[in-house]
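Please look over the sequence and the structure below before reading on.

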Amino acid sequence: MRMRFKPYAHDELMAADFHVHEPLIWGGKWHAQYARPEQPFVLELGCGKGGFLSQLACAHPENNYLGIDITDKVLILAKRKIEAAYTEAGRPIDNVKIMSTDIERIKGVLTAEDTVSRIYINFCNPWSKNASSNKHRLTYPRQLIQYREFLKDGGEIYFKTDDDDLFRDSLEYFPASGYEITWKTFDLHENEPEWNIRTEHEGMFTEMGIKIKALIAKKLPGDAAVTWIEPKVLKKMKAAEEAAAAAKEE
Ligand SMILES: C[S@@+](CC[C@H](N)C(=O)[O-])C[C@H]1O[C@@H](n2cnc3c(N)ncnc32)[C@H](O)[C@@H]1O
């Protein structure tokens, strides 16, 4: 369904103190933004309408959460779901925040000092129709390598998708970007783990009869764990090797 622009979203979000109004100024200081700064810091990238984040954060006051999406049009719905969940639970909204940021430009918004314990990526856009647009996937190596800056060693990424191509490619992206895949399934609901919380898109795809694929990947320490080479660079390297071999033959 296409979301229409909601002109009131901006004002309503600005009035919510758990909405981060200025995402660019908190790099290195994220923990201190929460009532209990010592708690593990957990991200949801592309949180959309917030069904997942609101339930997860409300059920786990022992963690601090930050939900990020590129557009206020869905964040406004996330804001309302968070308010509803915490009101129902009779709890103050003191361990969750939301903000609008382009995750492709997350460098500096979160830094190594922000030590993130876990990242959730649920049903990110697959970008699979055109191979050259794959680099916009939130699990593309350029992205996964960026997340290494602030995800602690041994920290985990939980990834779910309906898309077969994206999942198949991600099974290669993660190891090449310095992560070990410790668990995976091609049918999450066949034997649904007790920790799973179904997202809005998960519900929609499941109703359509599409199987949900999921994996958990652990960040390996050290730059040497990263073996990914951008296809563009690889092509140049190959051309240089071929030119050198041809020069030798002459
Ligand atoms: C297909 S929806 C999934 C939403 C939700 N996670 C779910 O499972 O229902 C993908 C979400 O990612 C957001 N998104 C896509 N690219 C993004 C980017 N570069 N930065 C931040 N959010 C992004 C979109 O706005 C959208 O809300």
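In which loop is F123 found? The model is a predicted one, and in it F123 sits in the loop that runs between strand 4 (116-122) and helix 4 (141-147).

**F123**
- The phi angle of F123 is near 55 degrees, which is a positive value in a residue other than glycine.
- Most residues other than glycine have a negative phi.
- F123 has 22 other C-beta atoms within 10 Å and is therefore buried, the cut-off being 20 or more.

**Y65**
- Y65 has its place in strand 2.
- Because 26 C-beta neighbours lie inside 10 Å, Y65 counts as buried.
- When neighbours within four places in sequence are left aside, Y65 is in contact with V42, E44, L53, L56, A57, N95 and V96.
- Y65 and F150 are 85 residues apart along the chain, and a separation of 14 Å lies between their C-alpha atoms.

**The shell around the ligand**
- The ligand is surrounded by 19 residues, of which G46, G48, I70, T199 and H201 are the closest.
- Strand 2 (64-69) and helix 6 (200-207) supply at least two residues each to this shell.
- Helix 6 gives the most to the shell, with three residues.
- By residue type, the shell around the ligand consists of seven nonpolar, seven polar and five charged residues.

**Helix 2 and helix 3**
- Two packed helices are described by the angle between their axes and the distance between the axes.
- For helix 2 (residues 51-59) and helix 3 (residues 72-89), the axes come within 8 Å and cross at roughly 30 degrees.
- The two helices, helix 2 and helix 3, are therefore roughly parallel to each other, since angles under 35 degrees count as such.
- The crossing in which helix 2 passes helix 3 is right-handed.
- On the side of helix 2, the residues G51, L53, S54, Q55 and C58 take part in the contact, and they meet A78, K81, I82, A85, Y86 and A89 in helix 3.
- The residues of this contact between helix 2 and helix 3 comprise seven nonpolar, three polar and one charged.

Methods: Residues numbered from 1 in each chain as written. Predicted model: local features only at pLDDT ≥ 70, side-chain atom pairs only at ≥ 80, totals over all residues. Near = placed C-beta within 6 Å. Helix = DSSP H or I, 4+ residues; strand = E, 2+ residues; numbered from the N terminus. Nonpolar A, V, L, I, M, F, W, Y, C, P; charged D, E, K, R; others polar. Buried ≥ 20, exposed ≤ 12 C-beta atoms within 10 Å, placed from the backbone. Contact = placed C-beta atoms within 7 Å. Axes fitted to C-alpha atoms, helices over the stretch in contact; angles between N-to-C directions. Parallel < 35°, antiparallel > 145°, perpendicular 65-115°, else oblique. Left-handed = near helix turned anticlockwise from the far one by under 90°.
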